[in-house]
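Hi,

Here is the structure I promised to pass on.

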Amino acid sequence: MTTTSASHPAAPPEPALSVRQVLTLERVLAGEPEVVAGAGGLDRAVRWVHVAEAADVGVMLTGGEMVLTTGVLLAGDESRQAEYIQSLHRAEAAAVVLGLGRAFPTPPEVMRRAAERCGLPLVVLHRPFPFAELTEEVQSRLVRRKFAAVSLSEAVRTDLTALITAGAPLQRLLDEVARHSACPVVLTNLAHRVLATAGERSAVDDVLRDWERVSRQAGGGALDAWISAELGGRGERWGRLLLCGYRGEPANGRLLADRAAEALVLHRMLGGSALSWEEQSAQSLLTDLVSGVVPARQLLPRARAAGLPVNLRTFVPLVVPGAEPAVLDRLLRVLGLSGLAAELADGVTAVLLSLPRDRAADALTALFAARLREATGRPDALVAAADPRTGWDEVPAGLREARHVADAVAGSAAALGLPAVVRLKDVHLRGLVRLLRENPDVQSFAERELDGLLRKAEPELLEVLRTYLATGRNKSRTAQLHHVSRPALYRRLEAIQGRLGVDLDDFEQAASVHIALLAHDAQQR
Amino acid sequence: MSRVIRAALFQTAWTGDKESMIQVHEQAVRDAAAQGAQVLCFQELFYGPYFCQVQDKAFYDYAERIPEGPTVQRFQSLARALGIVLILPMYEEEQPGVLYNTAAVIDADGSYLGKYRKTHIPQVQGFWEKFYFRPGNSGWPVFDTAVGRIGVYICYDRHFPEGWRALGLEGAEIVFNPSATSRGLSKYLWQLEQPAAAAANEYFVGAINRVGVEDLGDNDFYGTTYFVDPEAQYVGEVASDKETELVVRDLDMAKLREVRDRWQFYRDRTPGAYSPLTAP
């Protein structure tokens, strides 16, 4: 597994105070500190505080120390004073603090010049106080910070592990990361395609608005406060987790991103969902679109970031009964069509095609449907299509229209002799009855009309009646579809007419039974 | 109104035989044309396996004459019928024993415009190409097609900046780089070199790589075919690393002019200082 920093490659591994922060501590301010050289280095991290009078102090340091001295062993020897500063510089000390007093009543000019030359902050204390007070103060703060970092790390790890163990979906994990980070969290694949987001919606939308540009900059470290962790395992990289605009200490953000990345890798390796991250991303977007809970306009940045072309496009919402999203996704790739495919909450598979405006959308939809039949080996596979939409705002209504068409023709495709692409205009009365299926008057009408067949529970006769009416009372076609002889069919039709007490040769009576049957079927689904 | 070229690339897996491979590619041409693509480039040695994983002269049989051979003629008819420019990377036999790794360029009216022969031939583990191909001798042709000026730079060529620049100097607007390259060997370079070439030479690049593992070896071809613009930005998404995919993208030629007017690499290059590069 790899989780590496992108935006802060040189960030310290643990939280630290800066020289500037140390100088603003109350105890230090009482000593009247004055920065006499190396002011440009005040943001250096202080890893530890060390008291040292020895002239060769440099050899005892490992970098990042704030060195405190009275200079008692340096007074009167200018070459040792210069060497002392250079030695600290070579050891990469963070700063040197000189208490003025018996050895140096005023800031020594040689040391000031040497420190200025090498950019080492030199701070003098005009009212020196026991160094032990300073070391205690700073050290306890540093330890507290380290402890806070460890406890943050533990808290995040515990929360995320609990979610993974409980089988939580990816989105739940990201929501938890966003709760800790208090900034938008974005999960992308390696092609910068946004797979999932978490955080406050308006802040996330701001991040996604110009995603293509900013995401690539983030990779180069151009955006401050974007913290990125690579996701991968078994020698392969899969994607990237980004904390966009983390406002806390960079080191804490780094830690949070790394813990989150570890959790996501674990989640993926354990197969937290049967769906890939890409599939979950398409599913959540299409589900939100069709539900209408969020206005389509607000979902536009997410659609764009998910790689769906949205500028100057024609959208064709489709529902493909009985098709696996993965199969449809592969077909889209083979055909070079842009689109998203996903299973919606109610088990319906939807596809949203995004086509160039200059192409005939109907022809490309027909091509998709024809190739679906070839790819699945199902010559009767149907695609329920809404009319093409040129405006993104109309896409949700289009998705609902496609679902309505699919519902209306479900189960009777063969009898109806439908084309590969079915549209609203093809569903006629079925569509209307489908819309009215919850109406109690329609329900009691259906029960009354079909009572003779439903009471005795004769599914075979009901099937024959369904086909006979769907084929426009075509006896030879009905006999063929039910694999029975014509005389056998006649006997069944007579039985049906007897049970229902109707004459199916009479148009109005046949129409009434047909409507009742459509209403009955609509309630069954 | 700027000129927009709808261009396509096709990556796929070895089907097991040459005829079905050709049929898959014919279907891709039709699918691309259905979306209005004006130009389409296939992967390197498109109708065969990547036989350079082994050294076996039986594979010499995959070579055909260009343009007299049957495959070029078959795709000339298709190009004419659909009005699409085609770039066909394939194994070429000039005469028995004289073989090249070549790309034929067919114009939208079906006419044969010429060919580019791969210049740099590798001979490394899993890519035993010197066994099969002479180094190309076609120079750096750029073809004036119905849609624009097109260059081709094949696979291993892409590691050599000189050819990219020569194609730019010849006026290429799009350079296609059909390849067969495998996971582990070059994947990190795949996202670096062609975008860098596109930026350095201020033109569009279409990079194509096959997908899948073939039965001649362990090379795992990672697809991820893409177009990149003169600013080294991907045009739309990068293709799958495992699945067959047709990539159709709109390339706006106004971008090429905009970038050249901004960066002026062609004005500021100093060929007089480059003589060490051509010293033998």
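Where chain A meets chain B, the contact draws on 14 residues from chain A and 16 residues from chain B. Please keep in mind that this is a predicted model. On the side of chain A that touches chain B, the elements giving two or more residues are α12 (325-335) and α13 (361-376) of chain A. Of these, α12(A) supplies the largest share, with four residues.

Now to chain A as a whole. Its secondary structure comes to 21 helices and 16 strands. The radius of gyration of chain A is 37 Å, whereas the globule rule gives 24 Å for 525 residues; the value is well over the rule, so chain A is more spread out than a compact globule. Taken along the principal axes, the box filled by the C-alpha atoms of chain A is roughly 125 × 45 × 35 Å. Buried residues account for 40% of the 525 residues in chain A. If you look at the contacts in chain A between residues at least 6 apart in sequence, 70% of them join residues at least 24 apart.

UniProt, in an unreviewed entry, places the feature "domain: Purine catabolism PurC-like" at residues 22-141 of chain A. That span is 33% helix and 21% strand, and its end C-alpha atoms lie 10 Å apart.

Methods: Residues are numbered from 1 along each chain as its sequence is written. Chains are lettered from A and ligands numbered from 1 in the order in which they are written. This is a predicted model: local features need pLDDT of at least 70, side-chain atom pairs count only at pLDDT 80 or more; totals for chains, interfaces and linings use all residues. Two residues are in contact if their C-beta atoms, placed from the backbone, lie within 7 Å. UniProt positions are given in the numbering used here, feature names are shortened, and annotations may be inferred rather than shown by experiment. The radius of gyration is taken over C-alpha atoms; the globule rule is 2.2 Å times the number of residues to the power 0.38. A residue is buried if 20 or more other C-beta atoms lie within 10 Å of its own, exposed if 12 or fewer, and partly exposed in between; C-beta atoms are placed from the backbone.
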